[in-house]
Amino acid sequence: MNLFNVYPLYDITPVKAVDCTITDNNGVEYLDLYSGHGVISIGHTQPDYVAKLKNQLDHLGFYSNAIQNPLQVELAQKLGKLSGLEDYELFLCSSGAEANENALKLASFHNGKSRVVAFDNSFHGRTSAAVAVTDNKKIVAPINAQQVVTFLPLNQNELVEAELAKGDVTAVIIEGIQGVGGLDQGTTEFFQALEKACKKHDVVLILDEVQSGYGRSGKFFAFQHHGINADIISVAKGMGNGFPVGAILISPKFEASFGLLGTTFGGSHLSCAAGIAVLDVIEKLDLQKNVNEVYEYFLEKIKEVPGIKQVKGKGLMLGVEFDFDVAALRKKLIIEKHIFTGSANNKNLLRILPPLTVKKSDIDTFVKALKESLEELKN
């Protein structure tokens with residue numbers, strides 16, 4: 001049997017990783033400034049994390065949600081404390097797409113409506129409803145397109161108000177900072193108007209923090225930069241540092257009932273151990289402080305690089321935009337300079353999503369390599 005060929009692959013085979021360094025099967029070391037789409041939050045093979053998972057695996061890796069699992073309670077309590085959302089409730093699943101599916105489903109159960117408002121260049125996942133609210137027709141199959149979704153541009157308050165006033169919108173789903181779309185984000189004025197409009201029209205406000213959450217933006221959740229509250233918050237990626245974990249944080253306005261939501265693998269003993277370890281390390285190492293310090297350093301250091309159009313994003317969720325397609329630049333950084341970065345729908349943008357443990361010296365390495373690469377491509 002062969003693999004279903006859906007991924008264009010670089011000829012690189014990682015075999016080991018520590019913190020922000022990946023080593024391939026030839027012994028070549030790479031600086032990881034992408035963390036596998038923003039998944040590695042506390043660094044590769046972080047010792048406390050590894051020990052926690054090994055210990056849990058020695059005892060019990062999995063059983064169903066039909067039994068008591070104190071690890072779920074511990075994870076919920078720690079997440080509530082670190083995020084400042086202790087009055088919310090937690091539903092655990094296994095991925096960001098699954099989190100968004102459950103968020104949309106819960107919203108529709110809550111108000112009995114079905115149309116969704118999403119935003120241009122959004123990305124929310126590849127499963128049925130999640131991909132329907134993703135602004136990429138290439139990955140929306142006819143079976144997904146049955147969902148009724150209206151896409152609007154960011155930062156157009158009047159357009160949102162006009163759609164919500166029609167009375168059939170169940171939810172507005174929006175990323176705290178857009179990831180795949182290219183690091184665009186709503187203004188504080190827009191987010192505040194959005195929250196107000198959703199309350200006015202009985203519409204559920206879903207904040208997709210799958211990539212922008214868990215401290216990556218400089219606050220625990222990116223929407224917290226804007227002084228608003230969300231009805232449902234979806235999380236995944238950095239939540240498990242590579243172990244598949246996802247969840248939705250649910251505000252007190254929703255009432256649970258048996259069977260309303262469900263999952264086979266979500267909230268397993270092993271996934272909870274991973275989630276608890278991540279939160280413990282974020283707190284122990286004060287990684288939120290590191291995010292903000294490295295962000296400020298990055299903004300100053302990147303000024304040394306000529307030809308940059310703008311730097312987008314916040315914290316360690318950044319985009320460096322040029323006025324040309326960066327595909328060749330990104331390839332050179334990976335193959336010749338041994339630095340992983342990411343791409344976006346915006347072909348002129350390099351995405352920078354390092355582990356939250358990244359050091360200022362790593363930024364120095366990146367800036368030096370970026371300057372060299374630009375000069376070499378010019379010649």
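Start at Cys198: its relative accessible area is 2%, so Cys198 is buried (buried means under 20% relative accessible area, exposed over 50%, partly exposed in between, with a 1.4 Å probe and protein chains only). This is a predicted model, in which local features need pLDDT of at least 70 and side-chain atom pairs count only at pLDDT 80 or more, while totals for chains, interfaces and linings use all residues. Residues are numbered from 1 along each chain as its sequence is written, and side-chain values use heavy atoms, leaving out hydrogens and water.

Next, select Cys20. Its relative accessibility is 4%, so Cys20 is buried too. How many disulfides does the structure hold? The count is 0, where a disulfide is a pair of cysteine sulfur atoms within 2.5 Å.

**Aromatic pairs**

Now turn to the rings. The whole structure contains 9 aromatic pairs. Rings of Phe, Tyr and Trp (its six-membered ring) pair if their centres lie within 6.5 Å; planes under 30 degrees apart count as stacked, over 60 as edge-to-face and the rest as tilted.

Select Tyr30 and Phe340. This pair is tilted, with 5.3 Å from centre to centre and 45° between the planes. Tyr30 sits in strand E3 (residues 29-32) and Phe340 in strand E13 (residues 339-340), so the pair ties together parts 310 residues apart in sequence. Helices (H or I, at least four residues) and strands (E, at least two) are DSSP runs, numbered from the N terminus. Tyr30 and Phe340 are both buried.

Move to Phe119 and Phe190. Their ring centres are 5.7 Å apart and their planes lie at 85°, so this pair is edge-to-face. Phe119 belongs to strand E5 (residues 115-119) and Phe190 to helix H7 (residues 188-200); the pair links distant parts of the chain, 71 residues apart. Phe119 has 1% relative accessibility and is therefore buried. Phe190, also at 1%, counts as buried.

Then pick Tyr214, Phe220, Phe221 and Phe223. Ring pairs link these four into a cluster.

**Nonpolar cores**

A nonpolar core is a set of buried Ala, Val, Leu, Ile, Met, Phe, Trp, Tyr and Cys residues joined through side-chain atoms within 4.5 Å. The largest one has 75 residues, and Phe119, Phe366 and Leu370 have the most contacts inside it. Helix H8 (residues 269-284) gives the most to this core, with 9 residues.

Zoom in on Phe366. Beyond residues up to four places away in sequence, Phe366 touches Leu33, Phe298, Ile302, Leu333, Ile339, Thr341 and Ile352 (contact means heavy atoms within 4.5 Å).
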